[in-house]
Amino acid sequence: MGGPGSGYAELRVGNQDRERVVEHVQAAYAEGRLDKVEFDDRLERAMTARVHGDLMPIMNELYGTQPVRPVFQPVTPQAAYGHRGHLGRRGGDTGAERLGAAAAHMLPLAGLPILGPLVLMLTAGKTSPYIRAHAVEALNFQLTLIAATIVLAITVVGVVLTPLLWIGGVVLSVIGGVAAMGDGDFRYPLTLRLVK
């Protein structure tokens, strides 16, 4: 009998499976755990993976191998290669994680549009992928919002649009905070994702 996940190793992967692993590779590169050559190698292997057995070694290289599971415990494809899904969709394990993720969206409303999500990403985001995913999303939205405000400020139309833009930003931040508290994923529309 094979090891844990051996039954899944030959199952075909979809684009979503590849993207999940790519996000983990990008996070490891952003944290400095991979150099550029290692990053490029793992990225190429993840994007060309055909079966779960192609993705498992990448996750094992990032996080190490998982201990052997009991025979009767079901093993999902995600558990087989050491992760539980999309960073934003994996959910907060604790109320503290959900609260931290919600704070990343809500701190801009308290006057910390860039500093709030950035601090959460660099602190709590190191131990919680859920908080990091929400903090990165909030940070990218705030950077996009500020850039749009600067660009619009030099136009006549911008005088009218800028207040509407910021009202929309407040509404979207509240929606993001509620989604994070509800253990869900949230993506801001029309956002430049400069920070990975």
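# Helix packing and salt bridges in a predicted model

Read along the sequence, this predicted model follows the pattern α-α-α-α-α-α-α-α.

User: How many helices and strands does the chain have?

Analyst: The chain has 8 helices and 0 strands. Buried residues make up 41% of its 196 residues. Of the contacts with a separation of 6 or more, 69% are between residues 24 or more positions apart.

User: Why are α6 and α7 called roughly antiparallel?

Analyst: Helix α6 covers residues 115–122, and the two helices pack at an angle of about 155°, with their axes 8 Å apart. Angles over 145 degrees count as roughly antiparallel, and therefore α6 and α7 are roughly antiparallel to each other. The crossing in which α6 passes α7 is left-handed.

User: Which residues make the contact between α6 and α7?

Analyst: On the α6 side they are P117, L118, L120 and M121. On the α7 side they are I131, R132, A135, V136, A138 and L139. By class, the contact has 9 nonpolar, no polar and 1 charged residues. Arg counts as charged, and R132 is one of the contact residues of α7.

User: What makes A104 buried or exposed?

Analyst: A104 has a relative accessible area of 0%. Buried means under 20%, so A104 is buried. A104 lies in helix α5, residues 95–106.

User: Which residues does A104 touch, beyond those up to four places away in sequence?

Analyst: A104 touches P117, L120, H134, A135 and A138. Among them, P117 and L120 belong to the α6 side of the contact with α7, while A135 and A138 belong to the α7 side. The C-alpha atoms of A104 and L118 are separated by 8.3 Å, and these two residues are 14 apart along the chain.

User: Where does E137 lie, and what does E137 touch?

Analyst: E137 is in helix α7, which covers residues 129–153. Leaving out residues up to four places away in sequence, E137 touches F186, R187, Y188 and R193.

User: How do you know that E137 and R193 form a salt bridge?

Analyst: The side chains of E137 and R193 meet at 2.6 Å, N to O. The cut-off for a salt bridge is within 4 Å, so the pair counts as a salt bridge. E137 lies in helix α7 and R193 in the segment after α8 (156–181), so the pair ties together parts that are 56 residues apart in sequence.

User: Are E137 and R193 buried or partly exposed?

Analyst: E137 has a relative accessible area of 5%. That value is under 20%, so E137 counts as buried. R193 has a relative accessible area of 25%.

User: What makes D40 and K36 a salt bridge, and where is the pair?

Analyst: The structure holds 8 salt bridges. Because they are 4 residues apart in helix α2 (residues 36–47), D40 and K36 are separated by about one helical turn. D40 is partly exposed, with a relative accessible area of 35%. K36 is partly exposed as well, with 47%.

User: What separates R45 and D41 in helix α2?

Analyst: R45 and D41 are 4 residues apart in α2, so about one helical turn separates them. R45 forms a salt bridge with D41, the closest N and O atoms being 3.0 Å apart. At 26% relative accessible area R45 is partly exposed, and D41 counts as partly exposed at 35%.

User: Which residues are linked with R45 and D41 in a network of salt bridges?

Analyst: The network links D41, R42, R45 and E61. Among these, R42 and R45 of α2 and E61 of α3 are also part of the contact between the two helices.

User: Why are α2 and α3 called roughly antiparallel?

Analyst: The axes of α2 and helix α3 (residues 52–63) come within 9 Å and cross at roughly 150°. The cut-off is over 145, and therefore α2 and α3 are roughly antiparallel to each other. Their crossing is left-handed. The contact is made by R42, R45 and A46 of α2 with L55, P57, I58, E61 and L62 of α3. By class, the residues of this contact divide into 5 nonpolar, no polar and 3 charged.

Methods. Residues are numbered from 1 along each chain as its sequence is written. This is a predicted model: local features need pLDDT of at least 70, side-chain atom pairs count only at pLDDT 80 or more; totals for chains, interfaces and linings use all residues. Side-chain values use heavy atoms; hydrogens and water are left out. Buried means under 20% relative accessible area, exposed over 50%, partly exposed in between (1.4 Å probe, protein chains only). Contact means heavy atoms within 4.5 Å. Axes are lines fitted to C-alpha atoms, for helices over the stretch in contact, and angles run from 0 to 180 degrees between N-to-C directions. Angles under 35 degrees count as roughly parallel, over 145 as roughly antiparallel, 65 to 115 as roughly perpendicular and the rest as oblique. A crossing is left-handed if the near helix is turned anticlockwise from the far one by less than a right angle, and right-handed if clockwise.
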